Amino acid sequence: MSTEIKTEDSGEISINFGEIYQALKKYKISIALIAFVFTALGAFYSLTMNSEYVSEVKILPEADSKIGGSGGTLGGLSSLAGLAGINLSGSMTGNDAIQPAMYPEIVQSIPFLQELAASNVYNPKKKRLQKLSEYLAEDNSNAPIQLSDTKPKEQKDVEYNRLPQGAISTEMININQKESLILESLKKSIVVESDKKTNLIKISSTALNPVIAANLSDLVLNQLTRYIIRYRTEKVRKELNFLTKRQAEARKRYDQALFTYSNYKDQNRNVFLNVAKDQGKKLQYEVDLAFNIYSNLTSQLTETNIKLQKETPVFKVLAPAQVPLQRTSPKRSLITLGSLFLGLFISLIYVFFKSVNLKELLG
């Protein structure tokens, strides 16, 4: 059985399905052998891969109430802009310089990762808490067939002992090679995504242990919210700290002035001299002045406490971290099946070149 297909140059290409069938029948053992070898290699490769688990957290930051002010005009514009994928909350308000789109950069920064690496996680294998940096420095491979460990390989650190004192600023980041590898591994394990339309934040953490993955997502969530709260309230907290110290000084000054005035009155109960009376008025004035300053600072301190409460953002956790029940990767069945199809494809190419006369094909 053959089929003729005419080409544009009136030439003819003859496809003989009978010959194709005979070729496949002739080389069926080779086809099966090649497919089997690729399938076995794919299955073996999948067994050398570590099982990874992913835990996710979804949070919704507090929307800025200033956007919805002025009779809801800006709130309506924000809703319409959200449908078009435009976020007006960051462009219309200068209250919060850190927008949700910046959260991924914050989490990937070295200071954030250093603080995260110093946190404690529960290791189910050792049944105790340990620092995350210690856990990442260990060999935690869980592949059925292990060809090599996953422990970061240490390299020789750069020597700084020959540099003069003060050459490196204390504000600069100076970490050794071991810590750098740990932070790089931790950086790859965390993914933060921000939805520009809804401001929804999704934190995904990948680990070789499901409990560690859930702990890591929860740690990132708590540290990120603390970071944003500290940033939003930093100015108000400095003002609050300043007013607290000034209020304590004013209270001390008022108590001292009141004590001096009361002591003067006790010692000069029946006075007739104008000098003594003027001295009493002066002490009374100092008491009133100290009290007014103390009262004014107390009022400002109360207002600042209220302002601190208003400036503290609220994060709604829509989906808290949970221990994953199944591994996310590798998909060993898909890898094996893909290897099977790859083997079949290569075997068919092999049969084609074995059956076709290349000299006649190439003219």
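**Reading salt bridges and helix packing**

Visitor: How does Glu56 count by its relative accessibility?

Guide: Glu56 counts as partly exposed, with a relative accessibility of 36%. The scale calls a residue buried under 20% relative accessible area, exposed over 50% and partly exposed in between (1.4 Å probe, protein chains only). The model is predicted: local features need pLDDT of at least 70 and side-chain atom pairs count only at pLDDT 80 or more, while totals for chains, interfaces and linings use all residues. Residues are numbered from 1 along each chain as its sequence is written, and side-chain values use heavy atoms, with hydrogens and water left out.

Visitor: What share of the protein chain counts as buried?

Guide: Of its 363 residues, 28% count as buried.

Visitor: With which residue does the side chain of Glu56 meet in a salt bridge?

Guide: The general idea is that side chains of opposite charge can pair when their charged atoms come close. Here Glu56 and Lys202 form a salt bridge, at 4.0 Å from N to O. This pair joins distant parts of the chain, 146 residues apart: Glu56 belongs to strand β3 (residues 53-61) and Lys202 to strand β7 (residues 201-207). A salt bridge needs a side-chain nitrogen of Lys or Arg within 4 Å of a carboxyl oxygen of Asp or Glu. Helices (H or I, at least four residues) and strands (E, at least two) are DSSP runs, numbered from the N terminus. Lys202 has a relative accessible area of 23%, so Lys202 is partly exposed. Glu56 and Lys202 also belong to a network of salt bridges with Glu193.

Visitor: How many salt bridges does the structure hold?

Guide: There are seven. One of them pairs Glu138 with Lys126, at 2.5 Å from N to O. Glu138 sits in the loop between α7 (132-137) and α8, and Lys126 in the loop between β4 (120-123) and β5 (128-131), so this pair ties together parts twelve residues apart in sequence. Glu138 is partly exposed at 22%, and Lys126 is partly exposed at 38%.

Visitor: How far apart are Glu249 and Arg246 in helix α9?

Guide: They are three residues apart in α9 (residues 210-267), which means a separation of about one helical turn. Glu249 and Arg246 form a salt bridge, with the closest N and O atoms 2.9 Å apart. Both are partly exposed: Glu249 has a relative accessible area of 45%, and Arg246 has 25%.

Visitor: Is Ser141 buried or exposed?

Guide: Ser141 is buried, at 10% relative accessibility. Ser141 lies in the loop between α7 and α8. The side chains of Ser141 and Asp139 make a polar contact at 3.1 Å. That term means a pair of N or O atoms within 3.5 Å; within protein, one must be able to donate a hydrogen and the other to accept it, and residues adjacent in sequence count only if both atoms are side-chain atoms.

Visitor: At what angle do helix α6 and helix α8 pack?

Guide: Two packed helices are described by the angle between their axes and the distance between the axes. Helix α6 (residues 110-117) and helix α8 (residues 177-189) pack at about 95°, with axes 10 Å apart. The contact (heavy atoms within 4.5 Å) involves Ile110, Leu113, Gln114, Leu116 and Ala117 of α6, with Glu179, Leu183, Leu186 and Lys187 of α8. Axes are lines fitted to C-alpha atoms, for helices over the stretch in contact, and angles run from 0 to 180 degrees between N-to-C directions.
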